[in-house]
Amino acid sequence: MPITRSARQLPTAPTTVRERVLAFGSLPAAAAVLTGTNALYLLLVVLGNVTDFPTNQHFVQHVLAMDTTFKDTNLMWRSITSPGLQNAAYVAIIAWEALSALVLAAGTLAWWLRPQAARRLSTLGLLLMLLLFGAGFIGIGGEWFAMWQSKTWNGLDAAIRNVTLAGLALVVVNLPHRPHTPSE
C-alpha cells in the first residue's frame, strides 16, 4: 500500500539537547560552515582591497601590463597599459568579490533560517567565486596575461587555493541529504 503524504513522517526540528548537538554534525551544517568560510574569506578580501587599495592595485596593474613576463613579442600585444583600464579592471574585481561575499553570506544564513533557499544561494555564490578565481585569475590572468611567467606578480597559487576551497564547498553543498528526523 503506498504511503500517502499525510501518513509520512515529516521532518521536525531537533528538540532535545542530544538532537541539537547531533544536528551540528549533519551535512547541512557542514555545507553552512563551508559556505560561511568562503563568505568570511571574501569579506576580508574586499575589506583589505578597499582599505588598502594600492597594494592589490599594483598587482593588477603589473599583471595586465605584463611587465614582469618574458616579454615575448608574440604575447605582448595582449598587455593593457592604460591606467584607466587597469583601475576599471581592479574595481570590477572588487565588485565581483563583494557580490560573491554577500551572496555567500546570505547562503550561510539561509542554511539556518531558510534551508529551502540555502542550496541555491550557496551554489550561486560559490559559482561566482569559481568564475572569479578560476576563469578570471587562472584563465585570463594566468594564461592570457601570462601571469605564470612572473616571479613577482603571480597569483596562481592563491587562485588555485580559492578554486579548491570553493569547489569542495560546492560539492558538499550539492550532496543529497536526508532531512533530520528525531528517530535518527
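When I call a residue buried today, I mean that its relative accessible area is under 20%. Please keep that in mind, everyone, and also that the model on the screen is a predicted one.

Let's start with the whole chain. It has six helices and zero strands, so if you follow the DSSP runs along the sequence you read α-α-α-α-α-α. Of the 184 residues in the chain, 34% are buried. And if you take the contacts with a separation of 6 or more, 75% of them join residues 24 or more positions apart.

Now, with that cut-off in hand, let's go to helix 6, residues 156–173. Which residues of helix 6 are buried? They are L156, A159, N162, A166, A169, L170, V172 and V173. As for their partners, these buried residues pack against helix 2, helix 4 and helix 5.

In general, a pair of packed helices is described by the angle between the axes and the distance between them. The crossing of helix 2 past helix 5 is left-handed.

If you'd like to find this contact on the screen, look for T35, N38, Y41 and L42 on the helix 2 side. Across from them, helix 5 brings S122, L126, M129 and F133. Sorted by class, the contact between the two helices has five nonpolar residues, three polar ones and no charged ones.

Is T81 buried or exposed? Its relative accessibility is 57%, and the cut-off for exposed is over 50%, so T81 counts as exposed. Leaving out residues up to four places away in sequence, T81 touches A65 and Q86. And H62, 19 residues from T81 along the chain, has its C-alpha atom 8.8 Å from that of T81.

That's my tour, and I'm happy to go back to any part of it.

Key: Residues numbered from 1 in each chain as written. Predicted model: local features only at pLDDT ≥ 70, side-chain atom pairs only at ≥ 80, totals over all residues. Heavy atoms only, no water. Left-handed = near helix turned anticlockwise from the far one by under 90°. Helix = DSSP H or I, 4+ residues; strand = E, 2+ residues; numbered from the N terminus. Contact = heavy atoms within 4.5 Å. Nonpolar A, V, L, I, M, F, W, Y, C, P; charged D, E, K, R; others polar. Expected span 1.5 Å × (residues − 1). Buried < 20%, exposed > 50% of the residue type's maximum accessible area, 1.4 Å probe, protein only.
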